[in-house]
Amino acid sequence: MNAQLQAAGSAPAVAAKPAGPPLWLLLELTYRCPLHCVFCYNPTDFARTTEELATEDWIRVLREARAMGSVQLGLSGGEPLTRDDLEEIVAEAHRLGFYTNLVTSGVGLNEKRIRALKDAGLDHIQLSFQDSTREMNDFLSSTRTFELKSKVAALIKQHGYPMVLNVVLHRMNIDHVGQILDMAERMNADYVELANTQYYGWAWHNREQLLPSRAQAENAERVTAEFRKRVGERIRVYFVVPDYFEKRPKPCMNGLGSIFLTVTPDGTALPCHAARMLPGMQFPNVREASVEWIWRESPAFNRFRGDDWMKEPCRSCPEKTKDFGGCRCQAYLMTGDPTNADPVCEFSPHHHLVTEAVARAEQPRVVEKVLTFRDARTSRSLLERSSG
């Protein structure tokens, strides 16, 4: 065993502290989306979600969360622009004092709507691209949206917003990082987020096709560093390293139930985007309970606070107050038990599952498996398969 872990054998348990406020609130307004991205983090069973929250429900959630101290608001989906009441929700959030961020594919954002959102007080727009080329962008989303996205990028700048460009990286586009950054520069982007794929949701089904090789990831980091050096402070570039190539897990959500609260289209409240998959968890719904009770009292939000839930090696690890055992969803997907150490951790007894996946990614791909694109029909098919 690592000497650091041996020395920590008597590390005291950390009791769950009283929860502070949910500083970061994410409202997933809808799962409807015109795109069909192969790496989408939406649940693969989203087809079971039918009735979305009404406008008044979302506004009540905003008021309750703000009263508790929430300050940062994300509006996402699916595609939030498919909601006709988006401007009304933004206006109430602005009135309450939230800093509001719209996460969008750009589909549906035209001159009329961006003016209305500006008038409503929207602070920030994050625009997603899938690649720097029309061909790959449109293939990965199974839509013809590249030209539209390019026009929306210009529209965002014209209306005085910072241009925030997000591109999810994976095996099929990571070698294009240089071209993606050049595209961002041509668009006068202020911020670029190169976020390597997190393997849950639809990306989990496509992991064998999407996980890049270590050499690809290292080259992408090098190209990004060179770009940063050339542009200086003119463009802020964030490169999120793939989990699978780390030895230590990331502090997922700074610990579940610590600062982040998401509400799904049907009102289910979650401590992270993907937590609905975790077994044995009964997540509360804002239709039936207040945000205050959900955050402070519900068993689901208290489940992974503190370290009473931890097994070894996490329980006696001195890093547990920094990484909180890593990602619970990743632990569940890879090991079948959400209380296990995140397999990304080199001290996890399941770390071999990560190294084996990385080893497979090093092999040449002669015959590619068919990708699973995100759509309602496929979601229903996956539901039927799991229930059968």
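**Asn254 lies in the loop between strands S7 and S8.** Helices (DSSP runs of H or I, at least four residues) and strands (DSSP runs of E, at least two) are numbered from the N terminus. The structure is a predicted model, in which local features need pLDDT of at least 70 and side-chain atom pairs count only at pLDDT 80 or more, whereas totals for chains, interfaces and linings use all residues. Residues are numbered from 1 along each chain as its sequence is written, and side-chain values use heavy atoms, with hydrogens and water left out. The phi angle of Asn254 is positive, near 60°, although the residue is not a glycine. Met253 is found in the loop between S7 and S8 (260-263), and its phi is likewise positive, near 55°, in a residue other than glycine. Asn254 counts as partly exposed because its relative accessible area is 35%; here buried means under 20% relative accessible area, exposed over 50% and partly exposed in between, for a 1.4 Å probe and protein chains only. Met253 is partly exposed at 21% relative accessibility.

**Helix H10 spans residues 214-231.** From its first C-alpha to its last, this helix of 18 residues reaches 26 Å, close to the 26 Å expected at 1.5 Å a residue; the expected span is 1.5 Å times one less than the number of residues. Its buried residues are Gln216, Ala217, Ala220, Val223, Thr224, Phe227 and Val231. Because these buried residues fall within an arc of 125° when seen down the axis, they line one face of H10; the arc is that of the directions from the helix axis to the C-beta atoms. An α-helix has 3.6 residues a turn, so residues three or four places apart point the same way. The buried residues of H10 pack against helix H7 (177-186), strand S6 (191-196) and strand S7 (236-240), where contact means heavy atoms within 4.5 Å. On the other side of H10, Ala215 and Lys229 are exposed. Gly232 follows the helix and has a positive phi, near 60°.

**Asn188 sits in the loop that joins H7 and S6.** Its relative accessibility is 49%, so Asn188 counts as partly exposed. Apart from neighbours within four places in sequence, Asn188 is in contact with Lys157 and Met163. Lys157 is 31 residues away along the chain, yet the C-alpha atoms of Asn188 and Lys157 are separated by 8.0 Å.

**Helix H4 covers residues 111-120 and has Arg113, Ile114, Leu117 and Ala120 as its buried residues.** These buried residues line one face of H4, because they fall within an arc of 120° seen down its axis. They pack against helix H3 (86-96), strand S3 (99-104), strand S4 (124-129) and helix H6 (146-158). Lys112 and Asp119, on the other side of H4, are exposed. Just after the helix, Gly121 takes a positive phi of about 105°.

**The largest cavity has a volume of about 80 Å³.** Of the 13 residues that line this cavity, Arg248, Cys314, Cys317, Asp323 and Cys345 are the closest to its centre. On a 1 Å grid over the protein atoms alone, a cavity is a set of points where a 1.4 Å probe fits but cannot get out, a pocket is an open set with protein on both sides within 12 Å along at least five of seven lines, and lining residues have an atom within 4 Å of a point. Grid points are joined across faces, edges and corners, and a volume is the space filled by probe spheres set on the points. The lining of the largest cavity divides into seven nonpolar, one polar and five charged residues; Ala, Val, Leu, Ile, Met, Phe, Trp, Tyr, Cys and Pro count as nonpolar, Asp, Glu, Lys and Arg as charged, and the others, Gly among them, as polar.

**The second largest pocket has a volume of about 500 Å³.** It is lined by 23 residues, of which Pro43, Thr44, Asp45, His205 and Met277 lie nearest its centre. Helices H8 (202-205), H14 (328-335) and H16 (376-387) each supply at least two residues of this lining, and H16 gives the most, with four.
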